[in-house]
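Look at the structure below, then read on.

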Amino acid sequence: MVYPATYTLAFETGLPYVMAIHDLQHRLQPDFPEFSTEGFTSAHWEQWEYLFRNGARYATLLLADSEVGKEDILNFYGSYGVTPDRVKVLPFIPASYLAADVSNSERKRVQKTHRLPERYLFYPAQFWPHKNHSRIVKSLALLSNLHGSKIPIVFCGSHAGRLRDQTFREVMALSHQLGMKDQIHYLGYVSDEDMSVLYTGATALVMPTFFGPTNIPVVEAWALGCPVLTSDIRGIREHAGDAAVLVDPRSVESIAEGIYKLWTDESLRMLLAGRGRSRFADYSPAEFQRRLIDILEEAKNRVSENSRKQ
């Protein structure tokens, strides 16, 4: 069996399996509200550890999104028998519904439907605290005060659930408090058909998230020629390389400086878009398919070998 995410079903059924572990932020950054609020109890922690510990221990092979992700799996679960040869790196690729060639009619339709400004920054993310929406709003307010720059940003993504809804309300209240409500465009949940237009029409993707190691919107932006700003932190730093403006996600000033560079420097945007496309060559569907087939062949051989030994 192949599990694209962590499920207890994987190790509870007794069938050989390959399973992806996308991140271990509950171990790396346990102080974030996602893991430390009243709703996330010690019982929840034990459930997560039951899932990850046993999922890692009994897998034929594990999938990590990056070398940093592999390192995290080995650091936390190596003591349970997880060895380096059992963790395979399979980087994320963009969603299959995204298309780089967007017609003028589609651009006009999406712009009219969502009332998009002529130029805008883009951030597709649910409203978890670690996504860092509030510092983006503060950064744009700072740029307005320093340079008189009225830079709009388009947010999209769900805020369902208590914590996400609370975060969404705080971000919206902050935008009103700072006089930024006309610059913040929240679209809610956006259909697959509209996402390509939002990326290709954006001046830049702005994603100063605290969680990694890698993030799919960055790869999607690279595929569609959209310049990227993201976080200068472990994992994300290695993933983005020189194909993004890297900022300190804890610093409003750092985020603001990065945004201002991208907003005002067309040559920088063109440079980053080109580097992103080059970097995206390593994340093509064909390469993903080749790597996945190799991993599944190895898993099959391991299962066969173990059966012979028994």
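## Second largest pocket

The lining of the second largest pocket splits into 14 nonpolar residues, one polar and one charged. The model is predicted. This pocket holds about 390 Å³ of space. Its lining has 16 residues. Pro4, Ala20, His22, Phe92 and Phe288 lie nearest the pocket centre.

## Largest pocket

The largest pocket has a volume of about 1,200 Å³. It is lined by 44 residues. Nearest its centre lie Gln126, Trp128, His130, Lys131 and Asn215. Helices give two or more residues each to the lining: H3 (33-36), H4 (42-58), H8 (162-177), H9 (192-201) and H10 (216-223).

What is the make-up of this lining by class? It has 24 nonpolar, twelve polar and eight charged residues.

## Helices H10 and H13

Two packed helices are described by the angle between their axes and the distance between the axes. For H10 and H13 (residues 266-280), the axes come within 7 Å. They cross at roughly 110°. Angles of 65 to 115 degrees count as roughly perpendicular, and H10 and H13 are therefore roughly perpendicular to each other.

Which residues meet where H10 contacts H13? From H10 come Val219, Trp222 and Ala223. From H13 come Gly276, Arg277, Arg279 and Phe280. By class, this contact has four nonpolar residues, one polar and two charged.

Notes: Residues numbered from 1 in each chain as written. Predicted model: local features only at pLDDT ≥ 70, side-chain atom pairs only at ≥ 80, totals over all residues. Heavy atoms only, no water. 1 Å grid on protein atoms, 1.4 Å probe; cavity = no way out; pocket = protein on both sides within 12 Å on 5 of 7 lines; lining within 4 Å. Points joined across faces, edges and corners; volume = space filled by probe spheres on them. Helix = DSSP H or I, 4+ residues; strand = E, 2+ residues; numbered from the N terminus. Nonpolar A, V, L, I, M, F, W, Y, C, P; charged D, E, K, R; others polar. Axes fitted to C-alpha atoms, helices over the stretch in contact; angles between N-to-C directions. Parallel < 35°, antiparallel > 145°, perpendicular 65-115°, else oblique. Contact = heavy atoms within 4.5 Å.
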